[in-house]
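Trainee: Hi! Could you walk me through this one before I set up my calculations?
Mentor: Happy to, let's have a look together.

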Amino acid sequence: MQPTGSRTTERFNAQWGSTDLPTHSLRWFVRSVSTLIAGVLLIPSFVLAQGPIQPASYGYSPGAMYGGPPFQVCGPGCPPGGAAPLSPNTVYELLPDDRFSHGDELQLAAFSDAFKHAYIRLEYLNWDIEDPGLKNVGAPRADGNTRGIFTATEPGTLSNVGEANISTLDHIGLHNNNGIRGVFGLPTRIGLFEAGVSVLEDASSHEVDVPFFNAVTLEPVIPAVTLLENGVPSDTNMILFRDGMINTRVQAEFFTTELNYIMNPVTPNQPITIRPLFGFQYVRLWDFLDVRGTDLNRNGTPDDPADDITLNHRIYSEAKNNVFVPQVGFRAEFEHEYFSVGVTPKFMVGFNRHRDEVFSEQFFSVDEARMTTREEASEFAPGLDLAVHGKVHINEHFSLFVSYQLFYMSNISRATENLVFDSIGTTPNLRLNPSQQGTFVDGVTVGGEIRFH
């Protein structure tokens, strides 16, 4: 039989696993402290994890921190007493001010954000279109002489009626044509999209030839258009302009529009940036030749004016070029705080869809039917579009702009080159002979550029 104190000690040892009271107290204290620390750390985390996840705000909060502790924010327009405390679960992000999308829906804000860095450029053009050069209005003569005075013969009778002088295009010039160009640019993260439209006023020039009296030979000198005789050069086949004058007019119309994608610089953070360029351009060059004049035909009784016949001669030619051109090139530019200069060569590889037409009226008689020939065709037409520009930056939103631009287009149909001056006896045979040649259009532009950013 054990004493009562011994049984009490055994129950205590069975419960705590030791008969050493100091050691047991230390273990119990350590376990209690550990349990308390775990509860303090885990319970708040468990409670916070049950609440809803708050999305980040897309608003603009000056001084706010990304994921920082809650605090009061007060900016312009703050009510008296300061702003209300922020939710501890809301994350605020500092974004730049957007002048175009306050209060917009998310889709509209994205749309307006794409345009807030756009720019518009408006330019005045003063361009030249290549003129016909030194060229006769008429067919080559059998004697080989292309210029000078020669014997004038009456159509049909071949009688000598004085002297003739062939009409020319020597003084025709299609220079200093006014125009306007508008350019819209849209910078994006993947590059620059740029669209432009250029249009010139109708370029027109004319030359007038009038009869005059030769004081040496004492004979009248009559403006004339020489003709082939059934396709063969002749010295006697021609139409004359004895009554009044011959008016030779050349006219041209030029229009172009393009859309280009200009990539981000391949040389970033350099003084000179180089951007590859891809795009498409449409060029329209329409060309016209119109020769008009009158002739007093005295095939009846020479001394009787009543049987004189007035012929209104007309020779007309048109060439309508529509050039569709994919293009590739680059833009190299040096940017400075106060100015920038650059060059943009574009190599055009496209085709020219042209429509050509010629007709004649009243070559030999007043009741003569109009003789018309026309043709449509397509030609491969590579070319070059070269622009050199400079800008002076007045401020961050406006710059003055000046440039020189050169177009060279191959296989262009010109109205002055498409004519065959021919007749078969007294039957006109003016006809179309389409031909193509290289053509230059160039000039300077000045204007201003407005940037919205």
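Trainee: What is the mean pLDDT of the protein?
Mentor: This is a predicted model, and its mean pLDDT is 80, with 73% of the residues reaching 70 or more.

Trainee: And over which residues is the pLDDT below 50?
Mentor: One such stretch is residues 1-25, which has 8 contacts in the model beyond near neighbours in sequence. Residues 40-73 also stay under 50, and there the model has 32 contacts beyond four places in sequence. Where pLDDT is low, the predicted coordinates should not be read in detail.

Trainee: Okay, new topic. Where is E368 found?
Mentor: E368 is in the loop between β14 (339-361) and β15 (371-393).

Trainee: Is E368 buried or exposed?
Mentor: E368 is buried, yet has no salt bridge. The nearest side chain of opposite charge is R370, 9.6 Å away.

Trainee: So what does the side chain of E368 reach?
Mentor: The backbone nitrogen of F364, at 3.0 Å. Leaving aside neighbours within four places in sequence, E368 is also in contact with E361, Q362, F363 and P428.

Trainee: Switching to V161: which strand is that in?
Mentor: V161 is in β3, residues 160-166.

Trainee: Which residues does V161 touch?
Mentor: Not counting residues up to four places away in sequence, V161 touches A152, T153, E154, P220, I222, L240 and R242. Take L240: it is 79 residues from V161 along the chain, and their C-alpha atoms are separated by 9.9 Å.

Technical notes:
Residues are numbered from 1 along each chain as its sequence is written. Side-chain values use heavy atoms; hydrogens and water are left out. Helices (H or I, at least four residues) and strands (E, at least two) are DSSP runs, numbered from the N terminus. Buried means under 20% relative accessible area, exposed over 50%, partly exposed in between (1.4 Å probe, protein chains only). Lys and Arg count as positive and Asp and Glu as negative; His and the chain ends are not counted. A salt bridge is a side-chain nitrogen of Lys or Arg within 4 Å of a carboxyl oxygen of Asp or Glu. A polar contact is a pair of N or O atoms within 3.5 Å; within protein, one must be able to donate a hydrogen and the other to accept it, and residues adjacent in sequence count only if both atoms are side-chain atoms. Contact means heavy atoms within 4.5 Å. pLDDT is the predictor's confidence in each residue, from 0 to 100.
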